[in-house]
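Morning, everyone. Let me put the protein on the screen, and then we'll walk through it.

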Amino acid sequence: MNTPNDPTTGAPVPERLLAAAKICFLADDYHQVSTRRIAEMAGVNVSMIGYYFGNKEGLYEEMIRATLNPLLEVLDNNMLASLDGFTGYLQLYYQTMLAAPEFPKLILKVLALKHGPGRRFIRQLLERGRTQGARRVGDLQKSGQLSAAVDPDVLRMSFVSLAMTPLLLKEVFEEQMERPMDAAFLERLALFNGQLIAGGLASLVPSTPGTEGDPA
């Protein structure tokens, strides 16, 4: 049965199962979560997991995909057509992860295992992000907004560090600052980090005509 505060209430069955799965998998290890528990939280028969997702692992992977897809899809649109887009991307990342603050820890925990549910799937998603990110960097370089000397992997690692660290250490930072890292705080952080990245990258573009990375 759905609880009064259950976010799955009233939604289509697949969405209810995904919402319930996220709650369960973020709260406990994969092997400690039963399909019956997920189905009960979603208010459906356990057979619906097999019908829509094949099995428990299929539901787990789709839960991860549904959470990460908005971030990956940005790499296909125009948000990162300019350096200013890094602020918008960080805003989206912080908003997404604020709704599921344990998610970054889940990803790291899965990747730390040599074998386990979802590991190969998450690596595939991250590789997709790496490939698309490198393409966006190439576009910025071709348009003259970014130096040709910028290594896409170095830029990606810098961005991921700024994006993930605040959420991974959220409880520690909140205790030290004695204030919450709420939506308003993360909005300010996204603006600061976005300007930091854009300003740093802009400073790398050669100003002398004819040098590497100059649009002329």
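Start with the inside. The largest nonpolar core has 57 residues, and L17, I38, M63, I64 and F103 touch the most other members. A nonpolar core here is a set of buried Ala, Val, Leu, Ile, Met, Phe, Trp, Tyr and Cys residues joined through side-chain atoms within 4.5 Å. Buried means under 20% relative accessible area, exposed over 50%, and partly exposed in between, with a 1.4 Å probe and protein chains only. In soluble globular proteins, nonpolar side chains tend to be buried together.

Some ground rules. This is a predicted model: local features need pLDDT of at least 70, side-chain atom pairs count only at pLDDT 80 or more, and totals for chains, interfaces and linings use all residues. Residues are numbered from 1 along each chain as its sequence is written, and side-chain values use heavy atoms, with hydrogens and water left out.

Back to L17. Which residues does L17 touch, not counting residues up to four places away in sequence? They are I38, A39, A42, V44, M48, I49, Y52, F53 and L59. Contact means heavy atoms within 4.5 Å.

Now the whole protein. The secondary structure is 10 helices and zero strands. Helices are DSSP runs of H or I, at least four residues; strands are E, at least two; numbering starts from the N terminus. Buried residues are 39% of the 216 in the protein. The C-alpha atoms fill a box of roughly 65 × 40 × 35 Å along the principal axes. Take the contacts between residues at least 6 apart in sequence: 66% of them join residues at least 24 apart.

Charges next. There are 21 positive and 24 negative side chains, and the centres of the two sets lie 6 Å apart. Lys and Arg count as positive, Asp and Glu as negative; His and the chain ends are not counted. Each charge is placed at NZ of Lys, CZ of Arg, CG of Asp or CD of Glu.

One lysine to look at: K170, in helix α9, residues 170-177. Is K170 buried or exposed? K170 counts as buried, because its relative accessibility is 17%. Its side chain makes a polar contact of 2.7 Å with the side chain of E174. Setting aside neighbours within four places in sequence, K170 is in contact with L98 and M181. A polar contact is a pair of N or O atoms within 3.5 Å; within protein, one must be able to donate a hydrogen and the other to accept it, and residues adjacent in sequence count only if both atoms are side-chain atoms.

Last stop, L189, in helix α10, residues 183-202. Beyond residues up to four places away in sequence, L189 touches Y94 and P166.
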